[in-house]
Amino acid sequence: MRDRGEPRPLPVLDATGAVDHAAGAERFVANEARTTWHDASLWFVREKRDRAASTVEDWEALRDAASAIKTHTLSRLDEYLAQFEQRATARGITVHWARDAAEHNEIVLGILSARGARRLVKSKSMLTEECGLNDYLIGRGIDVVDTDLGERIVQLRNEPPSHIVMPAIHLKKEEIGETFHEHLGTPAGDDDPDALTAAARVHLRARFLAADAALTGVNFAIAETGGIVVCTNEGNADLGTALAPVHIASMGIEKLVPRAADLGVFLRLLARSATGQASTVYASHMHAARPGQALHVVLVDNGRSAQLGRADFWGSLKCIRCAACINTCPVYRRSGGYSYGSTVPGPIGSVLTPGFDLQKYASLPFASTLCGSCAAVCPVRVDLDVQLYKWRQLAVDAGYVSPVKGWLMRRLGAVLADPALLQLTVGIAGAILRVVPRPLARRLAGAWGRWRELPEMPAQSFRAWYRANRRGPD
Amino acid sequence: MPLGFAQRIVSRDDLVARFIDSAAGAAARVVHGTRAELATLVAGFSGDGLASDGVARFDREAQRVASRCLSMVPGVPGTVAVPDDPHALADLDLLVCEGVLGVAENGGIWLPASRLGERSALVLARHVVVVLARSSIVADLHAAYAAVDVSAESFGVFLAGPSKTADIEQSLVIGAHGAMGVTVVLLDE
Ligand code: SF4
């Protein structure tokens with residue numbers, strides 16, 4: 001693939017260069033039918049997750065165990081990483097350490113260059129999206145082919161993934177049919193998912209057979225054994241790594257678990273939380289290279305140590321990237337992945353990404369109703385809603401939120417804290433709403449009123465009704 | 001840090017029934033047989049016995065006799081040997097292998113590299129037949145990890161059904177990159 005510049009669509013940025021989630025959401029909801037369809041697609045996945053979870057009697061205990069194992073691992077991450085490196089090295093795996101995205105990309109290019117590899121097949125890796133690996137390699141003459149079907153679709157369209165598990169969830173089959181007609185020569189107007197997948201299978205099989213190197217992500221790395229686990233439904237990670245002479249596995253340092261037995265807990269949770277399947281089709285355990293093959297594992301920090309050091313946010317590193325919190329999020333479902341301007345969208349993206357650059361991503365923690373649905377489904381019990389709330393406070397303290405909003409919130413807080421003042425305000429607001437024409441009242445309500453109908457004011461407030469009707473002494 | 005999930009006592013028949021349900025849920029086909037019948041059973045799978053839905057509809061080769069067969073199961077004749085170069089299996093029709101254990105809760109079957117002969121055969125073959133003894137089925141993944149050392153070989157996989165994707169409008173399609181069909185032969189042993 002040639003480099004076609006920055007992927008579309010670009011996130012909406014404000015005057016300071018910060019991501020403006022609300023503006024990105026506005027762009028998305030402009031197409032109402034599409035918004036409704038997107039919302040329903042994700043809710044469908046959420047419902048599959050619910051059905052799968054309800055078949056496991058131990059579900060809540062599993063979540064506890066998963067959270068405890070990750071908490072323990074993160075508390076001794078340095079020791080487990082050293083153990084992993086030592087065990088993996090003893091098995092002939094080459095372990096690399098990358099402080100940041102740039103180092104990761106250089107290491108990958110270095111491995112490819114040393115072998116004269118020019119054709120790279122990749123299976124899904126959000127870490128390499130985070131590192132901008134594709135553009136880096138393509139710019140240096142490497143032919144990079146994403147092989148996960150959803151990722152291939154968005155790669156052909158020069159778009160980033162809009163979701164971490166279902167990269168093309170924002171696209172309709174007609175659009176995918178057009179993309180395949182243009183790039184793979186499928187018949188015009190053919191949008192049958194079976195036919196399109198069959199075409200992709202043929203197209204990508206040729207790439208697999210011709211690849212000089214395969215790159216995969218890592219779902220879990222086992223400290224005690226020095227091995228890695230990669231889970232896919234399509235089999236693309238296995239096809240790539242079973243054929244190519246070099247396998248590069250890129251992983252964030254938080255992917256470790258202490259023992260192989262811990263995987264029993266995580267694999268029971270992962271697929272059920274992600275897609276509602278009892279298991280992914282392939283859960284591949286790799287403990288050494290094939291004969292004649294080289295296996296490299298790149299351990300990437302890229303801000304994770306800093307996040308681990310944040311008392312309020314280290315828990316986000318327990319994440320196993322199942323996307324359950326994204327699928328359930330009412331804001332994600334109706335604003336789309338691109339509105340976040342971040343590799344990882346949704347609630348988990350909104351607590352991870354501000355750690356990279358709070359100024360740029362200050363709007364993300366506000367892309368939430370704080371309903372807590374994310375935390376309720378998270379298989380490793382990341383307290384996402386609490387972390388979103390804490391990032392909001394930091395964003396306000398740092399002055400990255402509009403001063404008007406900050407002032408309004410402080411005034412609102414004062415009003416809510418003072419019963420007499422609250423009574424007075426409610427009375428005045430009620431009177432205004434009763435007499436002022438609706439369109440004008442909505443304008444007075446600012447951003448809140450732009451897209452929402454204001455409530456009908458009852459003739460009597462609850463408080464007045466209660467005083468009039470309650471029994472017993474006043 | 002023992003995990004302490006309840007070990008419920010279930011009969012072998014219940015375990016097998018749950019495994020069959022789970023395997024069907026993962027779109028695998030389950031048939032029953034004995035070791036003595038294996039060669040005949042597998043020979044019978046050639047041709048349309050293995051065609052399934054999904055991309056197989058578009059696979060012009062799907063209906064032809066499965067002529068290129070790699071068999072790792074004694075007594076079941078294959079037509080190709082394990083090659084030095086995995087690319088030599090690019091046109092593999094059928095892989096026949098024997099699972100180490102089956103997992104009742106998700107239909108997964110543990111297949112280490114030695115059982116596959118060649119790792120790539122698992123995903124290059126259009127169809128995979130996995131032979132599995134009923135007695136090897138365990139309740140859940142905790143039991144599975146307790147029973148096998150997943151680090152004993154360079155590669156091992158829990159396989160649950162044929163390759164699949166739902167990346168186009170959430171429509172389930174069987175046969176993304178790997179096998180378009182998986183048949184599990186449950187042995188009465
Ligand atoms: S935060 Fe929890 S629910 Fe969200 S992707 Fe991570 S593990 Fe899944």
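Student: Which residues surround the ligand?
Tutor: This is a predicted model, in which local features need pLDDT of at least 70, side-chain atom pairs count only at pLDDT 80 or more, and totals for chains, interfaces and linings use all residues. Residues are numbered from 1 along each chain as its sequence is written, chains are lettered from A and ligands numbered from 1 in the order in which they are written, and side-chain values use heavy atoms, with hydrogens and water left out. A residue is near a molecule if one of its heavy atoms lies within 4 Å of it. The residues around the ligand are C319(A), I320(A), R321(A), C322(A), A323(A), A324(A), C325(A), I348(A), C378(A), P379(A), V380(A) and L384(A).

Student: R321(A) is not a glycine; what is its phi?
Tutor: Most residues other than glycine have a negative phi. R321(A) is in the loop between α13 (304-308) and α14 (324-328) of chain A, where helices are DSSP runs of H or I with at least four residues and strands are E runs of at least two, numbered from the N terminus. R321(A) has a positive phi, of about 60 degrees.

Student: Is N158(A) buried or exposed?
Tutor: N158(A) also has a positive phi, of about 55 degrees, without being a glycine, and lies in the loop between α8 (149-156) and α9 (173-184) of chain A. Buried means under 20% relative accessible area, exposed over 50%, and partly exposed in between, with a 1.4 Å probe and protein chains only. Because its relative accessible area is 13%, N158(A) is buried.

Student: What area is buried between chain A and chain B?
Tutor: The contact (heavy atoms within 4.5 Å) takes 72 residues from chain A and 52 residues from chain B. Buried area is the accessible area, with a 1.4 Å probe, that two parts lose on being put together, summed over both. Carbon and sulfur atoms give 59% of the area, which is about 5,200 Å².

Student: What share of the residues in chain B is buried?
Tutor: Chain B has five helices and 11 strands. Among its contacts with a separation of 6 or more, 72% are between residues 24 or more positions apart. Of the 189 residues in chain B, the buried share is 58%.

Student: What is the relative accessible area of L132(B)?
Tutor: L132(B) sits in strand β6 (residues 127-133) of chain B. Leaving aside neighbours within four places in sequence, L132(B) has contacts that include F19(B), G99(B), I109(B) and V185(B). L132(B) is buried because its relative accessible area is 0%.

Student: How far apart in space are D13(B) and T183(B)?
Tutor: D13(B) belongs to helix α1 (residues 12-25) of chain B and counts as exposed because its relative accessibility is 52%. D13(B) and T183(B) are 170 residues apart in sequence, and their C-alpha to C-alpha distance is 20 Å.
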